[in-house]
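User: Hi! I am new to protein structures and would like to learn how to read one. Could you take me through it step by step?

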Amino acid sequence: MKTEYDFSKGKRGRFFSLDAKMSLPTSDEKVVWVGPDGPLGGFIDQQTRKTLDAYREHPHLVTEHSNQEYDTAHGGYTHRQLFELVQNSADALLDAPKGKSILIRLTRRFLYCADDGDPIDEDGVVGLMFDRLSSKRNTAAIGRFGKGFKSVLRITDAPEFYSRSGSFWFDKTRSERQIAEVAQAERYPVLRLPEPIDPSHERDSDEEMQELMSWATNIVRLPLKPGAHDGLAQQIREFPPEFLLFVDHVRYLTLECEGVSRSFTLQHRKEEFHLDTGDETSRWRLFNTTHTLSPDAQSDWGLNEDSGNVPVSWAAPLDRLDRPGHFWAFFPTHTASLVAGILNAPWKTNEDRQNLLPGPYNNELIETAARLIADELPRLSTQEDPARHLDALPRRQEAGDSEQSVLLRDRLFDHMQEREIVPDQQGR
């Protein structure tokens, strides 16, 4: 027998959605959180020993790894901690048979990120430890490089990862001491030496952890550096709910900060997606395609081990088709598309992920996006307003338009010449 936990009446008030319920184990179905002596703990000990041996043999790796971490935490990822944590949770939910929920909770002492996705495995641990060794390439996962998690070093010195398969933490002071015994450097990396930990201690000493561990399978807990709280609170306030449109395997996303809760839910109704933010519900149509990269584009992308098949999506806002939109790489960029809504793809961007870069890879995806929009545009018309879909088209070119928006507009109008777009006097 299972008990029902109503997330609409959670600890912080309205949680996930008004009708969302998750079955949680009763006392006779005890949730098992594997301790440090489990298989994953043994693997982590082995990886730490191997890393220290590598530093002993090649001391320059210490400086290289510390510089990589520093550049990530203080460069383009400086204010992206929530994006990266939510992205990792969304990837954990991708193949989870029952998981659908992500929770971010900010207190004065900690930032928590919990999900009910697949527990972390050995490949996941390696992905957190190293750059560009993520196991998520060649999949539908949105986090591909294993790099973004290092952004948390901007806000914490001791990130902790709890999973039902095994729990571990990183610690700046401990890493400095252990590495200094085998190699000397001016600065030492933090996320290369995980240590298994016992999750039961934190469950007993932290009320938040006790609640989260009753339903989650993965929990990241970050003890905050002084001054980190306010910036994270701003990230919570500004987090774009439209993210859910591109991860339809995630049904509930909640962000909590000192009594304030932002709960987003996505429901699929016939041909529309309804995105509920608590304050309003917006209506969207979502169109998807896949592009196979040419050799030139794949070379420009630089990931030759990828399959070369790249997803491209257009989310059209049915309530505001007359508002120019932007390119997204699962989160918004600063590059305007000028077409209504959101053009989402794994675009090639600059380091801070704010602007699209020129080159064959992005050009091919823009060509694919233009063809997708031209094909699907008439589906936005209605009997009441047969020309409504024309509102989604970009305006005429103006000074200051980005290279990408100009290319998209030109290719879109080229494709439209070959299609039936404009309604006649009978509305057809």
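Analyst: Gladly; we will start with the whole protein and then look at some strands and a pair of helices. This is a predicted model, where local features need pLDDT of at least 70 and side-chain atom pairs count only at pLDDT 80 or more, while totals for chains, interfaces and linings use all residues. Residues are numbered from 1 along each chain as its sequence is written, and side-chain values use heavy atoms, with hydrogens and water left out.

User: How many helices and strands are there in the protein?

Analyst: Helices (H or I, at least four residues) and strands (E, at least two) are DSSP runs, numbered from the N terminus. Here the protein has eleven helices and 16 strands.

User: What percentage of the residues count as buried?

Analyst: Buried means under 20% relative accessible area, with exposed over 50% and partly exposed in between (1.4 Å probe, protein chains only). Of the 428 residues, 56% count as buried.

User: How many residues of strand β3 are buried?

Analyst: Six of the six residues in β3 (residues 101-106) are buried, so by the under-20% cut-off this strand is mostly covered. In a regular strand the side chains alternate between the two faces of the sheet. In β3, S101, L103 and R105 lie on one side and I102, I104 and L106 on the other, and both faces are covered.

User: Which strands pair with β3, and in which sense?

Analyst: Two strands pair if DSSP finds at least two bridges between them. β3 pairs with β9 (residues 252-257) in the parallel sense over six bridges, and with β4 (residues 110-115) in the antiparallel sense over five bridges.

User: At what angle do helices α1 and α4 cross?

Analyst: Axes are lines fitted to C-alpha atoms, for helices over the stretch in contact (heavy atoms within 4.5 Å), and angles run from 0 to 180 degrees between N-to-C directions. The axes of α1 (residues 39-57) and α4 (residues 122-129) come within 10 Å and cross at roughly 35°. Among the residues making the contact are F43 and I44 of α1 and V125 and M129 of α4.
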